[in-house]
Amino acid sequence: MSLGLLAGLMVCGFVLLLVSGSARMHGWYVLACGFALAAFAGLDRLAPDGSFAHWAALALLLWAACRLEFARQLLRLSRLAPRLDRVALGLLAALALAALYAAIETRLPWIFRVLQALVAASTVILVVGALAVRRRTPWPALLFCTGAVLMLAGVSAAHLPAWGDQLWTPGRASLAQAAVIAELALLALAAAARIRDERALEARVQALMSAPGIDALTGAASEASFELRGAEWLREDRNFSLMLIGLNGFDAVYERHGQAGGDAVLAAIAQRLREQVRADDMVARLGPDSFAILLVGSPPRQKLAEMAIRIETAGARPVTYEGRLLAGGELSMGIACHPGDGDTLTSLLEAADRALAHCNRQRMGPTYAFAGELGQRRRAGGVPAARPRE
């Protein structure tokens, strides 16, 4: 029955391979099932002192190596936990060397000692990696951890010739067989969960790219959508506020973390901006490192200042990316209000931009400024020069 289950899991692996089109990951799963099938078939049918008995143990080493490589790719350790991935690669190299030596070594107890140690060590590393990436891949990580616990418990309880020179007796490895089969079944579910997550992400990206007026990278409104909303509110003679937001020194984020890291920070900041506004307001991306918020109504200055402080705090929080914490954005804000600061969208943007430039020139003080207040200060005697921020 156990051999039939392993054969069925191999078929399941082939199906997942065809569905996902990812031979690089699911091919390792199929190989892991195949080597487990060969190993248990050999251990159940070959005498321990036979000339081919050690090939079954070699198959177990190859199962452990294929399982480790599959789990690395399932959990995306190379991207999400690179330090743990380097340890896993070291254990993979150790399994490969052990498999090469086992091809000429005929002493089963020695092979099983090495196998048990390497399987335990690799499982611990993979579990730690699964816990580290659980927020990015929750279901694959959870299913892997469950399978790993079952597998370790079964192998530890099974009577294997690992701690002495006792002879192998067919049927003694039933607990180990059940544990390996249970883990492989849960790994198949984890792979299916990852396929589902990837398909959902692809659908979301396609929806964003096809949605009119949406910036595909951040999910914020596009500049065209921003202009349409502003023009609509101006035609309706609504009172509203425009908050222009700049990310100071954002080029350094791309230089330090690359394109993917910078894009992740931008998307996180856009999401945090959306969390600060109401359903009728709009968050738009106007440039590579600038956003704008249209706030319907005429909130008092104190409310706008409190909102600017919340936005500054939210933007400064670190962003989690591939198991690392990336520095958030240092935000500056220029605020203009309709109709006091302009009667067209262009004039409002110019007023907000002057206020934003004033913030960037300041060394001290708040990171937001009101265009109306700057105009009053100019009329009263001019705005004193300020030193640039460091």
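I began with burial: 48% of the 390 residues in the protein are buried (under 20% relative accessible area, with exposed over 50% and partly exposed in between; 1.4 Å probe, protein chains only). The model is predicted, so local features need pLDDT of at least 70 and side-chain atom pairs pLDDT 80 or more, while totals for chains, interfaces and linings use all residues. Residues are numbered from 1 along each chain as its sequence is written, and side-chain values use heavy atoms, without hydrogens and water.

Overall make-up. I noted 13 helices and 7 strands (DSSP runs numbered from the N terminus: H or I of at least four residues for helices, E of at least two for strands). The accessible surface is about 19,000 Å², and 61% of that belongs to carbon and sulfur atoms (Shrake-Rupley method, 1.4 Å probe; for residues, only the protein chains shown count as cover). Of the contacts (heavy atoms within 4.5 Å) with a separation of 6 or more, 71% are between residues 24 or more positions apart.

His26. I found His26 in helix α2, residues 23-45. Is His26 buried or exposed? His26 is buried, at a relative accessible area of 1%. Its side chain makes a polar contact of 3.2 Å with the side chain of Ser20 (a pair of N or O atoms within 3.5 Å; within protein, one able to donate a hydrogen and the other to accept it, and residues adjacent in sequence count only if both atoms are side-chain atoms). Leaving out residues up to four places away in sequence, I listed what His26 touches, including Gly13, Phe70, Ala191 and Ile195.

His338. I then went to strand β6, residues 330-338, which holds His338. His338 also counts as buried, at 6% relative accessibility. The His338 side chain reaches the backbone oxygen of Arg238 at 2.7 Å. Beyond four places in sequence, His338 touches Leu234, Asp237, Asn239 and Phe240, among others.

Cores. Which residues touch the most other members of the largest nonpolar core? In this core of 63 residues they are Tyr29, Leu61, Trp63, Phe144 and Leu184 (a nonpolar core is a set of buried Ala, Val, Leu, Ile, Met, Phe, Trp, Tyr and Cys residues joined through side-chain atoms within 4.5 Å). Among the elements giving two or more residues to this core are α1 (2-20), α3 (53-75) and α8 (174-210). Helix α3 supplies the largest share, 14 residues. I also recorded a second, separate core of 31 residues, with Met243, Val283, Met307 and Phe370 among them.
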